[in-house]
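User: I would like to learn how to read the features of a structural model, one at a time. Please show me the structure and start with a feature that you like.

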Amino acid sequence: MASGDSVKKLCEELACPICLGYFKKPVMIISCGHNFCQSCLDQCWEGKEASCPQCRKKMQEGDIRPNRQLANLVEVAKELGSQKAEEKGSVCQRHQEPLKLFCKDHEAPICVVCDRSKEHKNHNVIPLDEASKEYKDQIWNFLETLKKEKKKILAYKADAAWESQDLLGKTQREKEKTVAAFKHMHQFLEEQERNLLAKMDEVEKEISAKGEEHLARLSEELSSLSKLIQEMEEKLQQPASELLQVRPRLSPWVAETSSLAVIQSLAVTFILINRLL
């Protein structure tokens with residue numbers, strides 16, 4: 001037979017930590033296993049961050065579900081508490097006889113006189129101690145079911161945490177591979193850039209050397225042409241008799257002026273080189 005202290009302790013275990021009364025429409029927070037009245041939890045979270053009022057653990061989406069087994073257990077505890085309250089009188093209020101029997105049909109303790117009355121005729125009546133033991137066994141069965149359910153939830157939580165860590169590890173490894181691949185690509189592109197710039201430097205040097213060579217040839221031709229022009233201007237200043245005496249000697253000058261075509265060709269080449277540069 002359950003003692004008064006045991007019933008009191010059971011009632012305390014079935015009390016909501018917020019309102020301190022019996023659970024009303026109890027719900028369980030899956031992540032931590034704590035139970036509360038649905039209305040108490042709603043009021044506690046009103047305008048605040050969702051977290052367990054008992055352990056302060058942050059909530060996750062879909063982390064709450066109704067605890068119907070606990071609700072049933074509360075109902076059984078209420079009945080047992082009601083029986084204990086009546087047992088305190090120890091005697092039947094109607095017949096003043098000890099309450100030693102329990103009527104399952106009326107779910108109430110009765111005395112031997114009540115058992116013989118028409119009110120309880122053909123009812124299922126058992127000894128009060130036996131009825132108390134049956135209810136106690138029901139309560140413990142509910143408790144064992146709740147403990148098993150909690151164990152399953154904790155195991156599921158551990159598996160989910162391991163899976164999450166495994167996925168994070170895989171993601172980190174893929175991230176490292178990506179960084180390494182792009183680093184290798186950057187090194188390859190930088191090397192290609194250096195090679196191309198080196199080749200362009202060589203081309204620039206070659207173009208510059210050819211340009212200087214052409215400039216030197218043009219300078220020589222211009223110098224020769226300038227001398228020829230000066231000689232021709234001096235001849236033009238001579239008297240007619242002297243000028244006519246040297247007329248047959250114009251052929252070398254004309255021959256020298258034929259180099260003008262070469263000069264023009266070099267000038268065009270120089271222009272093209274400047275455009276390339």
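Analyst: Let's start with a salt bridge, meaning a side-chain nitrogen of Lys or Arg within 4 Å of a carboxyl oxygen of Asp or Glu. Lys210 forms one with Glu206, and their closest N and O atoms are 3.5 Å apart. This is a predicted model, in which local features need pLDDT of at least 70, side-chain atom pairs count only at pLDDT 80 or more, and totals for chains, interfaces and linings use all residues. Residues are numbered from 1 along each chain as its sequence is written, and side-chain values use heavy atoms, with hydrogens and water left out.

User: Why are Lys210 and Glu206 separated by about one helical turn?

Analyst: Look at the spacing in the sequence first. Lys210 and Glu206 are about one helical turn apart because they sit four residues apart in helix α5. Helices here are DSSP runs of H or I with at least four residues, strands are runs of E with at least two, and both are numbered from the N terminus. As for exposure, buried means under 20% relative accessible area, exposed over 50%, and partly exposed in between (1.4 Å probe, protein chains only). Lys210, at 44%, is partly exposed, and so is Glu206 at 45%.

User: How many salt bridges does the structure hold?

Analyst: It holds six. Among them is the pair of Lys170 and Asp166, whose closest N and O atoms are 3.5 Å apart. Since these two are four residues apart in helix α5, about one helical turn separates them. Lys170 is partly exposed at 43%, and Asp166 is partly exposed at 26%. Another pair is Glu174 with Lys177, where the closest N and O atoms are 3.9 Å apart. Both lie in helix α5, three residues apart, which is about one turn of the helix. Glu174 is partly exposed at 46%, whereas Lys177 counts as exposed at 55%.

User: Which residues make the nonpolar surface patch of about 410 Å²?

Analyst: A patch gathers residues with over 30% relative accessible area and no salt bridge: like charges are joined within 9 Å, and nonpolar side chains (Val, Leu, Ile, Met, Phe, Trp, Tyr) within 5 Å. Areas come from the Shrake-Rupley method with a 1.4 Å probe, and for residues only the protein chains shown count as cover. Here Phe182, Met185, Phe188 and Leu189 make the patch. Met185 lies in helix α5, which covers residues 128-236, and with 44% relative accessibility Met185 counts as partly exposed.

User: How many disulfides does a search of the whole structure find?

Analyst: A disulfide is a pair of cysteine sulfur atoms within 2.5 Å, and the search finds zero of them. Cys40 is in none, and its nearest cysteine sulfur, that of Cys19, is 3.7 Å away. Cys40 is buried, with a relative accessible area of 10%. Cys114 is likewise in no disulfide; the sulfur of Cys111 is the nearest cysteine sulfur, at 3.5 Å. Cys114 is buried too, at 7%.

User: Which residues does His120 touch?

Analyst: Contact means heavy atoms within 4.5 Å. Not counting residues up to four places away in sequence, His120 touches Cys103, His106, Ile110, Cys114 and Asp115. His120 is in the loop between α4 (112-116) and β6 (125-127), and at 5% relative accessibility His120 counts as buried.

User: What about backbone angles? What is the phi of Lys25 near?

Analyst: Most residues other than glycine have a negative phi. Lys25 has a positive value, near 50°. This residue sits in the loop between α1 (4-13) and β1 (26-29), and at 71% relative accessibility Lys25 counts as exposed. Arg56 also has a positive phi, about 65°. Arg56 lies in the loop between α2 (38-45) and β3 (64-66) and counts as exposed at 59%.

User: Where is confidence lowest and where is it highest?

Analyst: pLDDT is the predictor's confidence in each residue, from 0 to 100. Helix α7 (residues 250-257) is lowest, at a mean of 46, and strand β4 (residues 101-103) is highest, at 91. Over residues 251-259 pLDDT stays under 50, and the model has seven contacts for them beyond four places in sequence. Where pLDDT is low, the predicted coordinates should not be read in detail.
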